[in-house]
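Keep the sequence and the 3D view open as you go, and try each task before reading on.

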Amino acid sequence: MSKDNSILEELTSKEYEHGWSVNYEADEAPIGLNEGIIRWISAKKEEPSWLLEWRLKAFRTWLTMTEPEWANVHYPKIDLQSLRYYSAPKQIKKTKNLDEVDPELIAIYERLGISLNEQKRLQGIAVDAVLDSVSVATTFRGTLSKLGIVFCSFSEAVKEHPELIKKYLGSVVPMTDNYYAALNAAVFSDGSFCYIPKGVRCPMELSTYFRINAANTGQFERTLIVADEESYVSYLEGCTAPSRDENQLHAAVVEIYAGAHAEVKYSTVQNWYPGDKEGKGGIFNFVTKRGICAGDYSKISWTQVETGSAVTWKYPSCILKGDHSIGEFYSVAVTNNYQQADTGTKMIHIGKNTKSRIVSKGISAGKSQNSYRGQVQVMKRADNARNFSQCDSLLMGDRCGAHTFPYIDINNPSAKVEHEATTSKIGEDQIFYCNQRGIATEDAVALIVNGYAKEVLNQLPMEFAVEAQKLLALTLEGSVG
Amino acid sequence: MSTLTKQDTFSSLLAAAPKNFESVRTLGNESFLAQGLPAVKAEEYKFTNISKKLEQNISNFSPALPFKVTAELVKSSVFEGFEGDLLVFANGKFLPELSSKIEDLEVSLISDKPELSLGSIAKPEKDAFAALNQASFEDGIFISVPKKAQIEKPVLLLSFNQANEGQVIQPRLWIEVGDFAEVTFIDQSISLGDTSYFVNKVVEVKGGVNSQIHYYRLQNEGKNAIEVSNIETDIQKDARFSSVTISLSGDMVRNNLNLNLIGSNSEGNMYGIYLINGKTHVDNHTNVDHTIPHAESNELYKGILADQSRGVFNGKIFVRQDAQKTNAFQQNNNILLSEDAIVNTKPQLEIWADDVKCSHGCTVGQLDEEALFYLQARGIDKMQAKGLLLYAFAGEVLEKIEVESFREYCDSLIQDRLGSKF
């Protein structure tokens with residue numbers, strides 16, 4: 001026991017490696033939230049009037065909404081009036097040439113291990129880097145545009161492709177969808193936009209990297225991915241934030257639209273600052289992610305590795321509208337110390353012969369709480385719908401909790417739905433088996449956890465899988481209760 | 001909050017309450033008024049809009065009046081092959097003249113036991129209907145099984161319900177089972193007539209150390225009857241409580257079954273079948289609360305839903321921080337037979353301890369095509385083959401009934417419902 005404790009100690013004393021912050025001269029909105037601020041942001045971004053109207057409409061609806069309280073998480077109320085809704089590096093001038101980007105900003109990303117330079121070509125990932133409220137750089141735009149692929153920051157897209165934005169913005173997550181989505185619609189500052197034209201298979205992974213740097217700001221970015229018929233794209237998202245004592249809010253919206261025969265794969269490694277080991281500080285991650293399989297035979301696949309954030313509230317969902325469409329959700333959620341996660345998915349079967357698969361692996365250690373909340377809904381006309389859900393929880397330490405709230409609502413007799421969940425701790429016999437073969441307990445736990453999460457990690461693109469595995473090991477190594 | 005929460009809608013019901021158990025009733029009353037009837041979006045009643053149901057069907061709440069039950073009716077109503085003791089109720093009122101005098105068992109009216117701490121097990125603050133019953137129940141029955149008594153024959157609690165539109169029947173039971181005692185109850189309700197009345201039942205079971213309690217329930221209410229029941233028990237050290245709930249009809253039926261495992265090495269078992277058709281709506285909410293280490297719970301509910309029926313299942317397993325070495329299993333399987341049937345199921349785990357083995361499984365599906373083909377290939381026609389497979393599906397729960405005659409009776413009811421004999 002004492003050894004376990006010492007290992008646990010060692011783990012919990014591990015620092016969050018992305019906890020630093022950089023002082024740069026910032027262009028900031030005044031603190032507070034009102035129509036004036038929204039107009040300010042909109043003017044700052046030189047937005048067309050329809051978008052401002054859209055924002056204001058969202059804001060007015062938001063005023064009538066109340067904060068959701070049904071999630072199994074507890075946190076101090078956020079004073080939304082004390083936040084700053086826009087903060088951007090001052091020197092930034094968006095250019096196509098990376099040489100013109102402030103070297104300081106590039107350095108921030110280099111320090112995070114995200115190289116914005118073209119040397120990234122070797123790994124074949126196009127990156128859109130978002131720092132606080134704005135997109136700093138987008139790489140590989142030239143290569144992609146030859147194929148007709150649009151990959152740029154949201155603000156650029158508004159200017160360059162207003163017809164696409166107008167058509168798809170809010171089509172999957174309506175601005176009034178929920179409290180945080182409405183807030184995001186009102187104040188979102190930037191984000192990524194991606195359009196894959198008909199019949200194009202995107203030759204490289206597209207990636208967005210989010211970084212909160214400034215204090216007292218909320219990050220509200222918006223990602224919109226549109227995959228036209230018969231196209232394919234794999235999209236990655238990563239995020240970090242400095243260690244600060246106060247909680248910071250991150251309320252993002254991701255919308256995915258998949259046309260007939262299109263496939264979108266969306267992977268996230270979420271590593272926001274989780275707070276210190278006393279549970280002080282950390283990011284509140286209240287995110288709305290939803291995709292619609294609008295066309296027949298389309299597919300949307302969500303993969304997430306959730307290791308950061310003090311509080312996570314996130315349900316990447318699929319609306320399976322097209323016949324024969326497929327939705328997938330693979331998730332590993334790790335919580336330690338005082339972290340709380342309430343995450344899961346919604347699979348809404350509307351079209352005929354639709355299929356969905358949910359694999360959720362929760363790992364809770366320390367004093368954390370980890371909840372899976374999911375819904376599988378089969379509508380009346382969704383003949384032959386098929387769902388398989390597997391939700392496993394692993395517990396480490398006797399002060400943590402694992403909870404499962406699956407809702408299964410079936411309105412069609414031809415549906416086949418299976419749900420399975422287990423909760424247990426790491427088998428002592430498994431650890432013993434490893435020990436016997438000369439593997440230290442700490443390594444054995446890493447081994448077992450990695451094996452446990454493999455089904456999900458396998459879904460990640462190579463570069464991410466390696467990072468995710470390291471993250472897992474870092475968060476959990478040795479925390480045997 | 002629903003309009004039904006207003007004091008005046010319930011005033012005649014509350015006013016009709018006897019004057020005994022003053023503090024208990026006051027508590028119930030206060031708790032009921034504080035909670036109100038479940039609102040439309042209340043999580044616990046999300047898929048069972050009972051407030052609306054009551055509003056639509058019942059305009060004025062008044063207690064149902066007792067009526068005369070003849071010995072012949074009782075005789076013809078007891079199922080075939082039953083051997084055991086009988087307690088008869090009419091609209092929740094105990095009829096001692098038609099009931100057997102049971103050796104080894106103390107049976108009396110709740111009103112004769114003013115010292116009972118009613119509501120201490122089925123707490124009014126947990127459920128508005130439990131609170132309503134506590135505030136306004138007329139009378140009920142107290143059953144006590146002495147220490148070490150082995151009651152070998154089952155005790156049949158036979159309830160006849162016959163009420164006018166809008167009347168409320170509020171049965172209340174308090175069962176005490178002494179240490180090392182064993183007893184089996186069969187709780188059967190028989191509906192006389194198709195009126196839309198409302199049954200609001202509360203059963204509190206106080207088990208002793210190492211006691212064994214079997215509680216079988218057969219719900220066959222009239223097709224317009226609305227029923228809510230709250231059954232709750234604390235399971236002591238080394239004790240075991242097993243329940244089987246069979247729901248066959250009614251308009252809207254809601255069962256709250258709460259097992260609290262409070263002694264180590266205790267075991268709670270919950271089994272159920274809902275085999276429903278027409279517009280019947282059956283909602284089983286079960287809650288197992290593991291508060292201590294080394295306890296076990298098992299749960300298996302199966303549903304077969306035809307026509308426009310709706311089945312709701314919400315199984316909650318709660319494992320508290322101290323409840324290490326818990327084993328908890330839960331399963332819910334459903335078969336939908338028609339386009340219009342709906343299933344809402346939510347098998348829920350809330351686990352705060354780490355050294356546990358908990359699992360739940362849940363399926364919604366159809367009959368196995370291959371099994372059906374296999375039977376048809378052997379000359380069994382499709383309808384009968386379907387019936388056979390459904391019967392086998394339900395059989396897994398039926399076999400948990402340890403009283404043979406009752407099992408056979410339920411068996412025959414299910415066979416009748418499935419449209420063929422096997």
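**Exercise 1. Find the loop that holds B:Lys325, and decide whether this residue is buried, partly exposed or exposed.**

Step 1. B:Lys325 sits in the loop between β18 (310-319) and β19 (327-336) of chain B. Please bear in mind that this is a predicted model.

Step 2. A buried residue needs 20 or more, and an exposed one has 12 or fewer.

Step 3. Now look at the backbone. Phi of B:Lys325 is near 60°, a positive value in a residue other than glycine. As background, most residues other than glycine have a negative phi.

**Exercise 2. Describe the place and the backbone of B:Phe180.**

Step 1. B:Phe180 belongs to the loop between β8 (172-177) and β9 of chain B.

Step 2. Its phi is positive, about 65°, although B:Phe180 is not a glycine.

Step 3. With 17 other C-beta atoms within 10 Å, B:Phe180 is partly exposed.

**Exercise 3. Locate B:Phe79 and work out how far it is from B:Asp187 in space.**

Step 1. Look in the loop between α4 (71-77) and β2 (85-90) of chain B, where B:Phe79 lies.

Step 2. B:Phe79 has 17 other C-beta atoms within 10 Å, so it is partly exposed.

Step 3. Along the sequence, B:Phe79 and B:Asp187 are 108 residues apart. In space, their C-alpha atoms are 12 Å apart.

**Exercise 4. Say why helix α5 (residues 128-136) of chain B is described as largely enclosed.**

Step 1. List the buried residues of α5(B): B:Ala128, B:Phe129, B:Ala130, B:Ala131, B:Leu132, B:Asn133, B:Gln134, B:Ala135 and B:Ser136.

Step 2. Because nine of the nine residues of α5(B) are buried, the helix is largely enclosed by the rest of the structure.

**Exercise 5. Find what surrounds A:Ser231.**

Step 1. A:Ser231 is in the loop between β8 (222-227) and β9 (232-240) of chain A.

Step 2. This residue is buried, because 25 other C-beta atoms lie within 10 Å.

Step 3. Setting aside neighbours within four places in sequence, A:Ser231 is in contact with A:Ile196, A:Pro197, A:Lys198, A:Gly199, A:Val200, A:Arg201 and A:Ala262.

Step 4. A:His261 is 30 residues away from A:Ser231 along the chain, and their C-alpha atoms are separated by 7.2 Å.

**Exercise 6. Explore the largest nonpolar core and name the residues with the most contacts inside it.**

Step 1. The largest nonpolar core has 241 residues, and A:Ala258 and A:Val264 have the most contacts inside it.

Step 2. Helix α8 (residues 179-187) of chain A gives the largest share of this core, seven residues. Domain 1 (3-262) and domain 2 (369-422) of chain B each contribute at least three residues to the core.

Step 3. Zoom in on A:Val264. Not counting residues up to four places away in sequence, A:Val264 touches A:Ile225, A:Ala227, A:Val233, A:Tyr235, A:Ile256, A:Ala258, A:Gly291 and A:Ile300.

**Exercise 7. Describe how helix α3 (residues 49-64) of chain A crosses α8(A).**

Step 1. The two axes come within 7 Å and cross at roughly 145°. The crossing of α3(A) and α8(A) is left-handed.

Step 2. From α3(A), the contact uses A:Arg55, A:Ala58, A:Phe59, A:Thr61 and A:Trp62. From α8(A) come A:Ala182, A:Leu183, A:Ala185 and A:Ala186.

Step 3. Sorted by class, the residues of this contact are seven nonpolar, one polar and one charged.

Notes. Residues numbered from 1 in each chain as written. Chains lettered and ligands numbered in written order. Predicted model: local features only at pLDDT ≥ 70, side-chain atom pairs only at ≥ 80, totals over all residues. Core = buried A, V, L, I, M, F, W, Y, C linked by C-beta atoms within 7 Å. Helix = DSSP H or I, 4+ residues; strand = E, 2+ residues; numbered from the N terminus. Domains from an automatic or database assignment. Contact = placed C-beta atoms within 7 Å. Axes fitted to C-alpha atoms, helices over the stretch in contact; angles between N-to-C directions. Left-handed = near helix turned anticlockwise from the far one by under 90°. Nonpolar A, V, L, I, M, F, W, Y, C, P; charged D, E, K, R; others polar.
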